[in-house]
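Me: I would like to go through this structure carefully, one question at a time. Please give the cut-off behind each term when it comes up.

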Amino acid sequence: MTDKITALYCRLSQDDMLQGESNSITNQKAILKKYADDNGFRNTAYYVDDGVSGTTWEREGFKAMMADVEAGKVGTIITKDLSRLGRDYLKTGEYIEIIFPDYDVRYIAINDNVDTFKNENELLAFKNIFNDWYARDTSKKIRAVFKAKGQSGKPLSQPIYGYKASEEDKHQWVIDDEAANVVRKIYKLCIEGYGPTKIANILTAEGIPTPTAHTLAQGRNPVNKNANLKKWDSRTVSGILDKAEYAGHTVNFRTHKKSYKNKKTVRNPQEEWLIFENTHEPIITQQQFDLVQELRKNKRRQQRQGTPNPFSGICYCADCGKKMYLCRSTSLSDDQEHLKCSTYALDKHNCTAHYIRTVVLKEIVISEINKLLTIVKNNEDEFVKSAMNSSVTKQSSELFKAKKALNQTNKRIAELDKLFTRLYEDNVSGKISDERFTMMSAGYDDEQKKLKASVTELNAFIETAEQKTADANSFIKVVRKYEHITELTPTIVHELIEKIVIYAPDKSSGHRTQDIEIHFRFGVAVASAVADSREYDKKRKAA
């Protein structure tokens with residue numbers, strides 16, 4: 001016996017808790033203390049990991065014990081059994097047979113009759129393997145329960161920021177009003193044209209508590225305990241903007257763990273997610289969520305000016321179909337700020353050098369929006385009927401073509417399967433040579449791969465088209481918020497307009513004019529107008 005520490009190590013996992021009191025931390029401590037006292041081990045110290053799996057070595061109690069081992073403070077380590085030390089047979093064996101002896105540490109597992117000092121451990125490796133198998137089997141059972149729960153539509157995660165568990169049913173999410181208001185603010189800022197970094201800076205400047213700080217203030221355990229409590233992170237904002245849960249849906253199987261040993265989280269492909277719609281009260285509308293996803297697909301370069309331009313990311317060149325670049329800087333006045341064709345900027349031979357000043361475009365868009373507002377206000381029912389008929393006809397035509405193409409593609413894939421079988425039989429019977437078989441099968445295989453890729457694209461188009469069938473009533477709900485537009489904001493533009501098409505200038509009349517097409521959302525209308533910079537300048541001088 002020495003004056004070094006006798007480490008009494010206790011570990012309890014969530015699964016061990018189900019087995020009753022025998023594996024409890026209290027029971028382990030009592031067993032270890034009695035064994036140490038009965039066998040003359042002095043200077044005992046407990047190292048405890050409560051609620052931690054034996055398949056991981058990232059345990060605070062274990063790491064503290066190993067720090068003392070490496071410092072030469074520990075002479076003996078005692079556990080109730082081998083599984084308390086760990087359930088990974090390779091790593092457990094490495095600790096017992098290599099690492100502990102290197103530091104002259106004696107290891108004892110009471111119930112498994114293991115004592116490295118006595119050197120009678122022939123069955124040690126087998127016992128460690130059995131413990132590893134137990135962990136593997138437990139993992140399979142937990143995954144099966146987890147999968148069944150996820151497929152039933154119950155949320156697999158704890159309530160996200162903006163929600164909390166219901167007091168009546170822990171699986172039901174209810175709105176956390178304080179956090180929900182912040183979520184609404186984040187979506188509103190995004191619709192106004194601000195990116196995640198700018199939004200994070202605004203929230204930090206206003207002193208709004210971060211999700212981690214908010215969770216701690218409510219006495220709950222946060223997901224990320226090491227997160228900054230005062231400064232918002234752009235990744236946190238991006239995560240909030242990506243979650244369909246805020247529109248009232250449950251999304252399961254976003255991620256999975258690599259294995260029962262490797263706890264690294266891996267993101268699943270989106271087609272493997274399970275989405276259950278309208279399972280809890282939404283914080284934002286479905287329209288707001290869809291709009292934000294669309295805006296975030298077309299990520300825009302951060303502007304140095306504090307105010308985002310309402311036309312950024314939605315204007316397109318009529319000739320090449322590419323986006324129009326927004327040209328603004330501190331050296332340009334408001335009258336000089338303009339949009340120009342991005343293709344022409346990269347290669348002058350691929351498009352024409354046309355541009356439009358944003359002040360001119362802004363005046364036209366305000367005018368056309370107010371015309372539409374007047375039409376809707378004066379005859380809402382007729383507008384809805386007209387818009388629905390127009391969009392449904394267009395959508396039905398596109399869907400019909402896509403479904404017809406999908407049917408033909410699937411038929412050809414089935415034909416190729418039969419040809420493969422016939423080709424193989426002819427090769428086996430000697431009707432065609434191996435070289436001929438290889439050449440023909442490679443051609444069929446290549447065609448089938450292309451067809452299957454086409455099927456994936458067609459399925460995606462049909463699904464999107466059916467989900468986003470134009471709904472004029474949704475457009476009406478947005479329009480009702482506005483009486484008469486006097487100032488154009490990014491929010492108004494993004495809520496009402498899908499895209500703006502800018503045509504090349506026409507100088508045949510002796511002065512410069514441009515045709516403009518404004519495509520309103522849901523396919524309800526397309527407004528055509530003519531931009532005349534000279535007329536704008538006259539009005540400005542007169543004013």
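Reply: Helices (H or I, at least four residues) and strands (E, at least two) are DSSP runs, numbered from the N terminus. The model is a predicted one, in which local features need pLDDT of at least 70 and side-chain atom pairs count only at pLDDT 80 or more, while totals for chains, interfaces and linings use all residues. Residues are numbered from 1 along each chain as its sequence is written, and side-chain values use heavy atoms, with hydrogens and water left out.

Me: Where is V223 found, and is V223 buried or exposed?
Reply: V223 sits in the loop between α9 (211-217) and α10. Buried means under 20% relative accessible area, exposed over 50%, and partly exposed in between, with a 1.4 Å probe and protein chains only. At a relative accessible area of 87%, V223 is therefore exposed.

Me: Which residues of helix α10 are buried, and why are they on the same side of α10?
Reply: In α10, which spans residues 234-242, the buried residues are V237, S238, I240 and L241. Because they cover an arc of only 160 degrees around the axis, they lie on the same side of α10; the arc is that of the directions from the helix axis to the C-beta atoms.

Me: Which helices do the buried residues of α10 pack against?
Reply: Contact means heavy atoms within 4.5 Å. By that criterion, the buried residues of α10 pack against α7 (177-191), α8 (196-205) and α11 (286-297).

Me: How are α7 and α10 oriented to each other, and how many nonpolar residues does their contact have?
Reply: Axes are lines fitted to C-alpha atoms, for helices over the stretch in contact, and angles run from 0 to 180 degrees between N-to-C directions. Angles under 35 degrees count as roughly parallel, over 145 as roughly antiparallel, 65 to 115 as roughly perpendicular and the rest as oblique. The axes of α7 and α10 come within 10 Å and cross at roughly 90 degrees, so the two helices are roughly perpendicular to each other. With Ala, Val, Leu, Ile, Met, Phe, Trp, Tyr, Cys and Pro taken as nonpolar, Asp, Glu, Lys and Arg as charged, and the others, Gly among them, as polar, the contact of α7 with α10 has no polar residues, 1 charged and 7 nonpolar.

Me: How are α10 and α11 oriented to each other?
Reply: On the α10 side, S238, L241 and D242 meet F289, V292, Q293 and R296 of α11, and by class this contact has 3 nonpolar, 2 polar and 2 charged residues. The axes of α10 and α11 come within 9 Å and cross at roughly 130 degrees. The relation of α10 to α11 is therefore oblique.

Me: What is the phi of F253?
Reply: F253 lies in the loop between β8 (250-252) and β9 (255-257), where F253 is buried at 17% relative accessible area. Although F253 is not a glycine, its phi is positive, about 65 degrees.
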